[in-house]
Every structure is written in C-alpha cells, then in structure tokens.
Amino acid sequence: MNLSKVHFSQAFWGVMKFIAPFCLWMFMFRDFLSGRIPLNMDSTTIYSVTKFYFNNILNGVVPLWDPFVLMGTPFYAITLCNLFNPVTQLVPLLKLLGVNYYHAFITYMVVYYFTGAVGFYCLGKILFKDRRAAYIGYLLLLFSGIGASMFNQLTIVELFVPAVWFFVFLLRFSAGYKVSDFLGFAFSGMILAISYIPFYFA
C-alpha cells in the first residue's frame, strides 16, 4: 500500500513539473488567450479559414469553393491550414460543446504547443541522455519566442510540433526497430507534410 502511494506521488510530481510551468506560461499570455489581445497576421488568416471550414462541416457541407478570394476560388486551404491534423479537430468538438470558435481555436493552439514542448523534452532526453538537461530544454522552449510567435505566425508552431515528434520517433526506431516507433515517425511525417503546402506537394 505504501509502495503504491510512493509511485502515485512520484507520478503526480512528475506530471506537475510539466504542468506548473505551462500554467505559468498561460498566465503570462492570458491577454492573448482571452482574446483581449487578438490574433494578427498569418494566425488571423489561419483562424478565419479554420472557422470557415469547420462551420461548413458542422452544417453538413464539405467546402470545395472559397467565395471570399478573387470572387471565388477552389478551396485549397485544407492543405495549407493544418485542417486534417487530428488535434485541429478540437475546434469542432469544442464548438459542439458550446465554446465559441475563437476560444476553441485558441485551445487548439495551446494544446498543440504543449504537445510540441513535451516532444522537445523527449527529443532532448534521447539526444543528451540526461533528464535534467532535457527538462531545461523544455523550459527554454516553453518561454522562447516560438510560444509568443504563434499569435501572429502559427505556421511556425504547426511545422515545429510534427517535426519534433518525427525526430523523436525516428531516433527511437533507429535504436530499437519497434513497430510503434515506425508508425509514430510515419504518422508524424504525414502530419508534417499536410501542415505546409510545399511539403504537401513534395
């Protein structure tokens, strides 16, 4: 019984060492997350396209035509704005639960960034063979310019996250040749390819 309590305590503090700094990050960027400081530049474009796409999907329509560009063009932004990414599906899910599109999109951004930060820790642990160095890397990334840039250049984060996990799984696979790691880097490569249109064409 005492042993199980020790394991639970270790697991709890192991999780908290990642959650606590991220909560601090969210507190520091609370004006962005609340919408008091709105998205701008490319992030605004990605948000508007995401809202247009999922609003159509939730109304039973797959949008193949964009009426807002040049009096109408084929809707190619599916390949440009990460709309096939599984994490992006948080947006329609939260909308169905009553959250407005803006805050659903902000939630997707935050979850995606945190996923990338955890992946960066895993990558650091593989490269440095040192948990402390990997954790310092996690903290440095968390409070780096990448986190701030996603409010105006979300594309950077949308490329960074799958790239990090791609190399995590690739290095694990090269060390152990496990099927799960092969599937992981293949899936990460697929997400990376659909996150940016030049990669998609490649």
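The crossing of helices α5 and α8 is left-handed, a term that applies if the near helix is turned anticlockwise from the far one by less than a right angle, with right-handed used if it is clockwise. The two helices, α5 (residues 101-128) and α8 (154-176), pack at an angle of about 35 degrees, and their axes are 9 Å apart. Axes here are lines fitted to C-alpha atoms, for helices over the stretch in contact, and angles run from 0 to 180 degrees between N-to-C directions. The residues of this contact divide into 21 nonpolar, 3 polar and 2 charged. In this classification Ala, Val, Leu, Ile, Met, Phe, Trp, Tyr, Cys and Pro count as nonpolar, Asp, Glu, Lys and Arg as charged, and the others, Gly among them, as polar.

The model is predicted; local features need pLDDT of at least 70 and side-chain atom pairs count only at pLDDT 80 or more, whereas totals for chains, interfaces and linings use all residues. Residues are numbered from 1 along each chain as its sequence is written, and side-chain values use heavy atoms, with hydrogens and water left out.

The protein has 10 helices and 2 strands, where helices (H or I, at least four residues) and strands (E, at least two) are DSSP runs numbered from the N terminus. Their order from the N terminus is α-α-α-β-β-α-α-α-α-α-α-α. Of the 202 residues, 40% count as buried; buried means under 20% relative accessible area, exposed over 50%, and partly exposed in between (1.4 Å probe, protein chains only). Among contacts between residues at least 6 apart in sequence, 69% join residues at least 24 apart, contact being defined as heavy atoms within 4.5 Å.

Helix α5 also meets helix α3 (residues 42-58): their axes come within 10 Å and cross at roughly 115 degrees. That angle makes α3 roughly perpendicular to α5, given that angles under 35 degrees count as roughly parallel, over 145 as roughly antiparallel, 65 to 115 as roughly perpendicular and the rest as oblique. The crossing of α3 and α5 is right-handed. On the α3 side the contact is made by Ser-43, Ile-46, Tyr-47, Thr-50, Lys-51, Phe-54, Asn-55 and Leu-58, and on the α5 side by Tyr-101, Tyr-102 and Phe-105. By class, 7 of these residues are nonpolar, 3 polar and 1 charged. Asn-55, located in helix α3, counts as partly exposed because its relative accessibility is 34%. Asn-55 and Tyr-101 are 46 residues apart in sequence, and their C-alpha atoms are 8.9 Å apart in space.

The structure holds 25 aromatic pairs. Rings of Phe, Tyr and Trp (its six-membered ring) pair if their centres lie within 6.5 Å; planes under 30 degrees apart count as stacked, over 60 as edge-to-face and the rest as tilted. Phe-29 lies in the loop between α1 (2-28) and α2 (30-34), and Phe-151 lies in the loop between α7 (145-149) and α8, so that the pair links parts of the chain 122 residues apart. Both Phe-29 and Phe-151 are buried. The rings of Tyr-47 and Tyr-102 have their centres 5.5 Å apart and their planes at 75 degrees, and the pair is therefore edge-to-face. Because Tyr-47 lies in helix α3 and Tyr-102 in helix α5, this pair ties together parts 55 residues apart in sequence. Tyr-47 is buried, with a relative accessible area of 16%, and Tyr-102 counts as buried at 18%. One aromatic cluster is formed by Phe-22, Trp-25, Phe-29, Phe-32, Tyr-113, Phe-114 and Phe-151.

Individual loop residues were also examined. Thr-88, in the loop between β2 (73-74) and α4 (90-96), counts as buried at 1% relative accessibility. Apart from neighbours within four places in sequence, Thr-88 is in contact with Thr-50, Phe-54, Asn-82, Leu-83 and Tyr-108. Lys-129, in the loop between α5 and α6 (131-142), has a positive phi of about 55 degrees although it is not a glycine. This lysine, Lys-129, is exposed, with a relative accessible area of 69%. A positive phi, near 50 degrees, is also found at Tyr-177, a residue other than glycine. Tyr-177 is situated in the loop between α8 and α9 (179-193) and is exposed, with a relative accessible area of 61%.
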